[in-house]
Amino acid sequence: MTDAAKKLFIKTYGCQMNVYDSERMAEAMGAKGYVTTEVLEEADMVLLNTCHIREKASEKLYSDLGRLKPLKQARPDLKVGVAGCVAQAEGAEILKRMPLVDLVVGPQAYHRLPEMAEAKGQVVDTDFPPEDKFEHLPARKAYRGPTAFLTVQEGCDKFCAFCVVPYTRGAEVSRPADRLLREARDLVERGVREITLLGQNVNAYHGAGEGGDWGLGRLVRELAAIDGLDRIRYTTSHPNDMADDLIAAHAEVPELMPYLHLPVQSGSDRILKAMNRKHTAEQYLRLVERIRAARPDILLTSDFIVGFPGETDRDFQDTMDLVRAVGYGAAFSFKYSARPGTPAAEKTPVAAEVADARLQALQALILDQQRAAQAAMVGREVQVLYEKAGRKPGQMVGKSDHLMAVHVEDPAGKVGDLVRVRVSASAPNSLAAERISA
Ligand code: SAH
Ligand code: SF4
Ligand code: F3S
């Protein structure tokens, strides 16, 4: 190649599945000679990988595109692409509203991105193609650090009344187990020691494997057997899909980390029903007991929506009670956002100031629990995988088994080291620790 490599700037919004997709899109464009850049002004192509989950997330795309206008005017040959869930939901509408966009590609069609980038004029591809996009993407060989995401399942068939994912990502599909094992081995070969398995409904995984369909528990066990893969996590799980075998894996597989994101959304049976979550608060609490019986030190996290249409003060108090009963290590909480095309969007919303007050109260409670969970680590020995150097000289930063950020004084430490440390202090969002082993 005589030309300097073309430069690709990617901005990723939304969930970890988008982070994974952005990496794979960068790799696909890499095969066409593009290298990624963090500097917007030097990019030959800008790709915005978008999220449609709440109104605010969606609107970010349009404000960012607005900011790109001067750049595109100065350099008309700059390619501007929109990928992800807004691309899927709005398709060609994006081109109408924002003529500076050259291409729109949905989450199931992005293996076609390299061709689309070469096309003349505006192009849109929001197909759910029959071919498996992963089979058309380059293998994962470049080193990017000791942790990686691996999408094992995509889409969702649950149709919670508030949620756009079944529409933007399509029906639930599990990737075949042998391909996942191959991708995991490729990742480990390039230096990855921790893999987080991803899916909007990851614990519903049921991919074709040796001897028939494998559930997530079986997949975790087979992955744990890969030499050099030290840590496994998975996210996001629906309470109704926590199979016995997966719960047992938490007791039996040392590589499976004691951490589980198990969104409940609400503690009120009435609201859970209206949300179409298909379980009660009591069933969730019983499930939590079974998981803790298998792995007593497991740290649980969740997602909550407040102000869902019809939510009364009593319903909200039920949510607060559930949070007190479980005791979370952390949780995300959101104000309900009506999404076009979802059943709940037809209903009368809760007044904004009521929803705001509930959100504040819930977040305060969750923050208390998060601080307590972190403070409980002080004095304990934990394992940390170093992900980067800290801001202070001689300091390394990594995650503990419980996915807490830990700062360690360790001048000899290197990225990728998995070390034992003793926690000495707890700050609001991280722990401080001293190394105690080689
Ligand atoms: N598959 C996951 C969640 C995916 S979306 C699950 O089933 O739990 C991530 C989170 O965004 C959800 O858990 C929910 O709390 C929140 N969310 C989804 N739709 C929303 C909406 N319309 N308004 C506010 N929050 C929403
Ligand atoms: Fe959305 Fe999760 Fe419900 Fe699926 S299970 S519809 S992704 S909230
Ligand atoms: Fe957002 Fe799509 Fe993920 S809507 S949360 S980017 S699946």
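How do the residues lining the second largest pocket divide into nonpolar, polar and charged? In this predicted model, that lining splits into nine nonpolar, two polar and nine charged residues (Ala, Val, Leu, Ile, Met, Phe, Trp, Tyr, Cys and Pro count as nonpolar, Asp, Glu, Lys and Arg as charged, and the others, Gly among them, as polar). The pocket has a volume of about 370 Å³, taken as the space filled by probe spheres set on grid points joined across faces, edges and corners. A pocket here is an open set of points on a 1 Å grid over the protein atoms alone, where a 1.4 Å probe fits, with protein on both sides within 12 Å along at least five of seven lines; lining residues have an atom within 4 Å of a point. Of the 20 lining residues, Lys 6, Tyr 34, Asp 44, Ala 117 and Glu 118 sit nearest the centre. Helix 5 (residues 113-118) gives the most to the lining, with three residues; helices (H or I, at least four residues) and strands (E, at least two) are DSSP runs numbered from the N terminus.

As for the ground rules, residues are numbered from 1 along each chain as its sequence is written, while chains are lettered from A and ligands numbered from 1 in the order in which they are written. Local features need pLDDT of at least 70, side-chain atom pairs count only at pLDDT 80 or more, totals for chains, interfaces and linings use all residues, and side-chain values use heavy atoms, with hydrogens and water left out.

Now to the ligands. Ligand 2 has Val 165, Phe 159 and His 238 among the residues around it (a heavy atom within 4 Å), and its shell comprises seven nonpolar, one polar and two charged residues. The shell of ligand 3 has four nonpolar, four polar and one charged, with Ile 53 and Gln 200 among its members. Val 165 touches both Ile 53 and Gln 200 (heavy atoms within 4.5 Å).

Val 165 belongs to helix 6 (residues 165-168) and counts as buried because its relative accessibility is 8% (buried is under 20% relative accessible area, exposed over 50%, partly exposed in between, with a 1.4 Å probe and protein chains only). Phe 159, in the loop between strand 8 (153-154) and helix 6, is partly exposed at 37%. Its phi is near 50°, positive for a residue other than glycine.

Elsewhere, the peptide bond from Thr 235 to Thr 236 is cis, with omega near 5°.

Notes
Lists of a residue's contacts leave out its neighbours within four places in sequence.
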